[in-house]
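Morning, everyone. I have one chain to walk through today, and I will go contact by contact. Please bring up the model.

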Amino acid sequence: MIRYFTSNPASKVLCSPMLLSTFSHFSLFHMAANMYVLWSFSSSIVNILGQEQFMAVYLSAGVISNFVSYVCKVATGRYGPSLGASGAIMTVLAAVCTKIPEGRLAIIFLPMFTFTAGNALKAIIAMDTAGMILGWKFFDHAAHLGGALFGIWYITYGHELIWKNREPLVKIWHEMRTNSPKKGGGSK
């Protein structure tokens, strides 16, 4: 679990934990909190992107947010393991808040206080920026910030640059898969 399901730039295994760590959590409360936020925003993001694009963005966000965390840890010398889906979930939250900035949100235990999605995103980015600069250790603030910035970028530019231009890449991938030599010496 430590080797493959926690991300740490000081680890011997660097790449696979960048994705696999998004599927592990420190505690049941940690997992429940992440899944509640994901559940709260999942129908909106799936309506915006569609199921396939959502999965591609979500899995990419896990890797990208962990990469930002790696860079920050190496730059500051503050090494340590990270785990959880919050970087990828921040991408989802930021994408929805960017696409629907006037949407109304509330905190689960304080439903009488509502605020716009745009203001919520600004507050989250400010908190994670402060946490990253000041070295707060309660969350992986760099992963959160990386996820949020990726969500903003993707909803603003990524869909047009990546998703709408995916056909040539899909065609190349399909050709690589179908034209690769068969194992075992059999014919096509």
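Let's start at a helix pair. Leu38, Ile45, Val46 and Leu49 on the H3 side touch Gln51, Gln53, Phe54, Val57 and Tyr58 on the H4 side. Sort the residues of that contact by class and you get seven nonpolar, two polar and no charged. This is a predicted model, so keep that in mind throughout.

Now the geometry of that pair. H3 covers residues 28-49 and H4 covers residues 51-76. Their axes come within 7 Å and cross at roughly 120 degrees. The two helices are therefore oblique to each other. The crossing of H3 and H4 is right-handed.

Stay on H4 and look at its contact with H5. H5 is residues 86-99. The axes of H4 and H5 come within 7 Å, and they cross at roughly 130 degrees. That makes H4 oblique to H5. The handedness of this crossing is right-handed. Who makes the contact? From H4 we have Phe54, Val57, Tyr58, Ala61, Gly62 and Ser65. From H5 we have Gly87, Ala88, Ile89, Thr91 and Val92. By class, the H4 and H5 contact holds seven nonpolar, four polar and no charged residues.

H6 runs over residues 117-134, and H7 over residues 141-161. They pack at an angle of about 145 degrees with their axes 8 Å apart. The crossing of H6 and H7 is left-handed. On H6, the contact uses Leu121, Ile125, Met127, Asp128, Thr129, Gly131 and Met132. On H7, the partners are His141, Ala142, His144, Leu145, Ala148 and Ile152. The class count for H6 with H7 is eight nonpolar, four polar and one charged.

Next, single residues. Is alanine 94 buried or exposed? Its relative accessibility is 0%, so alanine 94 counts as buried; the cut-off for that is under 20%. Alanine 94 sits in helix H5. Leave out neighbours within four places in sequence, and alanine 94 is in contact with Leu121, Ala148, Gly151 and Ile152. One distance to go with that. Alanine 94 and tyrosine 154 are 60 residues apart in sequence, and their C-alpha atoms are 9.6 Å apart in space.

On to threonine 116. Threonine 116 is in strand S2, residues 110-116. Its relative accessible area is 12%, and threonine 116 is buried. Which residues does threonine 116 contact, leaving aside neighbours within four places in sequence? Pro101, Glu102, Gly103 and Arg104.

Follow one of those partners, glycine 103. Glycine 103 lies in the loop between H5 and strand S1, which is 104-107. Not counting residues up to four places away in sequence, glycine 103 touches Phe115, Thr116 and Ala117. Glycine 103 and lysine 73 are 30 residues apart along the chain, with their C-alpha atoms separated by 34 Å.

Now zoom out. The chain has eight helices and two strands. From the N terminus, the order is α-α-α-α-α-β-β-α-α-α. The C-alpha atoms fill a box of roughly 65 × 40 × 30 Å along the principal axes. Of the 188 residues, 36% are buried. Take contacts between residues at least 6 apart in sequence: 63% of them join residues at least 24 apart.

Last, the annotations. UniProt places "domain: Peptidase S54 rhomboid" at residues 18-158. In the model, that stretch is 72% helix and 8% strand, and its end C-alpha atoms are 21 Å apart. UniProt also lists "transmembrane region" at residues 56-76, 105-126 and 138-157. What does the model show for two of these? Residues 105-126 are 45% helix and 45% strand, with end C-alpha atoms 18 Å apart. Residues 138-157 are 85% helix and 0% strand, with end C-alpha atoms 31 Å apart.

That's my tour. Questions, please.

Methods. Residues are numbered from 1 along each chain as its sequence is written. This is a predicted model: local features need pLDDT of at least 70, side-chain atom pairs count only at pLDDT 80 or more; totals for chains, interfaces and linings use all residues. Side-chain values use heavy atoms; hydrogens and water are left out. UniProt positions are given in the numbering used here, feature names are shortened, and annotations may be inferred rather than shown by experiment. Helices (H or I, at least four residues) and strands (E, at least two) are DSSP runs, numbered from the N terminus. Axes are lines fitted to C-alpha atoms, for helices over the stretch in contact, and angles run from 0 to 180 degrees between N-to-C directions. Angles under 35 degrees count as roughly parallel, over 145 as roughly antiparallel, 65 to 115 as roughly perpendicular and the rest as oblique. A crossing is left-handed if the near helix is turned anticlockwise from the far one by less than a right angle, and right-handed if clockwise. Contact means heavy atoms within 4.5 Å. Ala, Val, Leu, Ile, Met, Phe, Trp, Tyr, Cys and Pro count as nonpolar, Asp, Glu, Lys and Arg as charged, and the others, Gly among them, as polar. Buried means under 20% relative accessible area, exposed over 50%, partly exposed in between (1.4 Å probe, protein chains only).
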